[in-house]
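Biologist: I am new to this structure. Please show me how to read its features, one at a time.

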Amino acid sequence: MKNSDTRPQADSAPTGPKAFVVPEGWTRSPHRNTSKYAMEVAYGRHAWRGIYLNDGAGNGYFAPGWNGVRLARNMRVVQRATGALTILSLLVFGGWTVKTVLDNREYYRLSAEGVQVQALVQSVSTETSTRHPKNSDRSYTTKTAAVVSYSVGGGSFSGTVEHRSHSKDGYPEPEWQPGELVELYADPAAPEKIVVLSPYLEDRTSPVNGATWFLMIAGLAISAVPAAIYFVARSSRRKAEAL
């Protein structure tokens, strides 16, 4: 009777690590680099993937037309662009915040030194716009501009007041309609200077309030994104020259 061998068969011999093969046309870097950054550039997920490889022993290779100097030059472009974007963002939000504070200060001046009058809306014009930021609901805006007439110190005057309304459910209705009465503060010494009475500001006493703090914090948060990229690019530019 033939005996059957039930012993487990030996697995085939394991293969060793895959040998590094230099792609055709790639040139070897004159620098030897075993840093973590070199491995990230060679095998990480980023914008420069596919232009530099490292055999793991420190020998680097660049794709045709590339070298460490060119890579550093491209990172300098990113650095300058994000630096400019950071400054622009700070200027925009800083200017917006300063304008809001100055407008609030003028409102409180007129509410304290001016006269409260009722103005009659003569005509109304509107402008609509919409925004749909990524990963956010669509926002609808209606800008209302109304020509109003009013009296100060026995004289008749006319001016324009504006208001922006926002909604996520469609364009808001105009803030005013012809024939409506609007409460204003006017400057007796210069009656053409007017502001619409604001319940929000009436409940506060300082030109720096929650809205202005929100603008400042939002501006800093948004500016922090390109600023962070700027510093990363600056650090990476120096490291790229050593690849």
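Predicted model: local features only at pLDDT ≥ 70, side-chain atom pairs only at ≥ 80, totals over all residues.

Biologist: Is threonine 82 buried or exposed?

Modeller: Buried means under 20% relative accessible area, exposed over 50%, and partly exposed in between (1.4 Å probe, protein chains only). Threonine 82 has 10% relative accessibility, so it counts as buried. It sits in helix 2, residues 68–113. Helices (H or I, at least four residues) and strands (E, at least two) are DSSP runs, numbered from the N terminus.

Biologist: Which residues does threonine 82 touch?

Modeller: Contact means heavy atoms within 4.5 Å. Not counting residues up to four places away in sequence, threonine 82 touches Pro226, Ile229 and Tyr230. Its side chain also reaches the backbone oxygen of glutamine 79, at 3.1 Å.

Biologist: What about leucine 85?

Modeller: Leucine 85 is in helix 2 too. At 46% relative accessibility, leucine 85 counts as partly exposed.

Biologist: How do helix 2 and helix 4 cross?

Modeller: Two packed helices are described by the angle between their axes and the distance between the axes. Axes are lines fitted to C-alpha atoms, for helices over the stretch in contact, and angles run from 0 to 180 degrees between N-to-C directions. Here the axes of helix 2 and helix 4 come within 8 Å and cross at roughly 165°. That makes the two helices roughly antiparallel (angles over 145 degrees; under 35 is roughly parallel, 65 to 115 roughly perpendicular, the rest oblique).

Biologist: Which residues of helix 1 are buried?

Modeller: In helix 1, residues 36–43, the buried ones are Tyr37, Ala38, Val41 and Ala42. Down the helix axis they fall within an arc of 135°, so they line one face. The arc is that of the directions from the helix axis to the C-beta atoms. These buried residues pack against strand 2 (52–54), helix 2 and helix 4 (210–240).

Biologist: Where is isoleucine 51?

Modeller: Isoleucine 51 lies in the loop between helix 1 and strand 2. At 10% relative accessibility, isoleucine 51 counts as buried. Leaving aside neighbours within four places in sequence, its contacts include Trp26, Tyr61 and Trp66.

Technical notes:
Residues numbered from 1 in each chain as written. Heavy atoms only, no water. Polar contact = N/O pair within 3.5 Å; in protein donor to acceptor, adjacent residues only side chain to side chain.
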